[in-house]
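Me: Hey, I've just opened this one and I'm new to it. Can you walk me through a few spots?

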Amino acid sequence: MKKMDSYRVYLYTRFWSQFLFTFIFTVNLLYHVKIVGLGSLQLVLVGTVLEAVVFLFEIPTGFVADLKSRRLSVIIGYFLIGAGFLIEGSFPYFAAVLLSQVLWGIGYTFTSGAHQAWIADEIGEDRAPEAFVNGAKAGTLGEVIAIPLSMLIGYFFMINLPIIIGGLCMVGLAVFLLLFMKEENFKPAEHENTSTWNTLKSNMHEMINYTKTSYLMRILFMIALFFGLYSEGFDRLWISHFLEETRLAYMTDGNLVVLIGSIQFIVMLLSFIGLHFISRSSLHHQLNTIYVSLLIGCVLIITSLTGFALSAGIISLLCFYLIIQGTRSVMAPLEDTWLNKIIPDSSTRATFFSVKGQVDAIGQISGGPAIGLIAANYSIKIAMMASAILLTPVICLYKLAIKKSRE
């Protein structure tokens, strides 16, 4: 079959992947809390299992993308992600949820880095920042559309039905990419008369040496570590904190789906507006403006997370949550652009993105259980405060990056 234009395929994939992820995640955490009946520590352990899998597979799958085929890596990834969600939605048991995290965690590592590296190769590094921002914008549009659909299905049928449908459609996305995704400009690193294992070691050695000599790369990886440390506890416990402080846990499952879905819908609208502004501006073209924007975003997250932890009123909780999530979604494509601009060799691009993902996973594996234990032994409010404290060193790191870029 005739392959489609790569830029268009990237935007379609970003739209549909984010549509399906949001279609699933609108009800996913609520499904864990209300149907599977997971407690605070179990909720965090689910995330820890996922991040442990990401940690173990990020670099190996990154090498697959760099040495074999980025297209193949992305296709395998979406197939595994879909299979994981199918299992999670079909069997409401803690063990099934853990198994699903293993499958979709491996699938995620196949797509992580490979997708960004693929589009950067196919359309060129000059157009890559535009693709990252517009791809994030397309993904946010998909999220905005997915939320009300997920709410309707979760309300009128079953909470877990969007998870099952989303899993099936994710497998369908893999089939779509198999038919229409092309790979014309990928040039794997050539290592004549060497085994794959030796090639892996050689690439890793080169990457470690570059990281040692690149001040900005080390700062970027440190920032990824601290973002991982803070994020796991917040992502897994925010609903429990929100329901606990507002005393809305008594609501029916259907009404809870509508409430949480409405909150996510507002988040996506704000994110779409923010990304639209960035895509029309020159923020993503210069590294120094990227650093300043990320610093401002980081300060917003820390102050809002502190406010979210200390608030008891539904309005203030909603406002702080919206600021946190909207800021995170806008920062993501800027971080991708930063990393893409400082990677020295396109043949190792997917691996560098994977290493960043692995560093983030290390942070989540370390921070998640600690935050979960604080929530279980003290309170979720104190756990949220601890998450905000864990992120504060990033402010200094962004300042160092700004100072370096001005030298």
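Me: Let's start with Ala120: is it buried or exposed?
Reply: Keep in mind that this is a predicted model. In it, Ala120 is buried, because its relative accessible area is 2% and anything under 20% counts as buried.

Me: OK, and which helix is Ala120 in?
Reply: Ala120 sits in helix α5.

Me: Which residue does Glu335 pair with in a salt bridge?
Reply: That would be Lys356, with the side chains meeting at 3.9 Å, N to O. This pair also links distant parts of the chain, with Glu335 in helix α12 (residues 314-342) and Lys356 in helix α13 (residues 349-377), 21 residues apart.

Me: Why does Glu335 count as buried?
Reply: Because its relative accessibility is 16%, and the cut-off for buried is under 20%. Lys356 counts as buried too, at 17%.

Me: What about Lys182, which residue does its side chain meet?
Reply: Lys182 forms a salt bridge with Glu184, at 4.0 Å from N to O. Glu184 is exposed, with a relative accessible area of 59%.

Me: New topic, the helices. At what angle do α1 and α7 pack?
Reply: Helix α1 (residues 6-35) and helix α7 (residues 161-180) pack at about 165°, and their axes are 9 Å apart. That makes α1 roughly antiparallel to α7, since angles over 145 degrees count that way. The crossing of α1 past α7 is left-handed.

Me: Where do the axes of α9 and α14 come, and how do they cross?
Reply: The axes of helix α9 (residues 215-246) and α14 come within 9 Å and cross at roughly 155°. So α9 is roughly antiparallel to α14. Here, α9 passes α14 in a left-handed crossing.

Me: While we're on α14, where does Ala383 lie?
Reply: Ala383 lies in that helix, which covers residues 380-391. With 1% relative accessibility, Ala383 counts as buried. Its C-alpha atom is separated by 5.4 Å from the one in Ile371, twelve residues apart along the chain.

Me: Last thing, the surface. Which residues form the nonpolar patch?
Reply: The patch is made of Leu141, Ile145, Leu149, Leu152, Tyr155, Phe156, Phe157, Met158 and Val258. Together they have about 850 Å² of accessible area.

Me: Which helix gives the most to the nonpolar patch?
Reply: Helix α6 (residues 128-156) does, with six residues. Leu152 is in α6, and Leu152 is partly exposed, with a relative accessible area of 47%.

Notes
Residues are numbered from 1 along each chain as its sequence is written. This is a predicted model: local features need pLDDT of at least 70, side-chain atom pairs count only at pLDDT 80 or more; totals for chains, interfaces and linings use all residues. Side-chain values use heavy atoms; hydrogens and water are left out. Patches are made of residues with over 30% relative accessible area and no salt bridge: like charges are joined within 9 Å, nonpolar side chains (Val, Leu, Ile, Met, Phe, Trp, Tyr) within 5 Å. Accessible areas come from the Shrake-Rupley method with a 1.4 Å probe; for residues, only the protein chains shown count as cover. Helices (H or I, at least four residues) and strands (E, at least two) are DSSP runs, numbered from the N terminus. Buried means under 20% relative accessible area, exposed over 50%, partly exposed in between (1.4 Å probe, protein chains only). Axes are lines fitted to C-alpha atoms, for helices over the stretch in contact, and angles run from 0 to 180 degrees between N-to-C directions. Angles under 35 degrees count as roughly parallel, over 145 as roughly antiparallel, 65 to 115 as roughly perpendicular and the rest as oblique. A crossing is left-handed if the near helix is turned anticlockwise from the far one by less than a right angle, and right-handed if clockwise.
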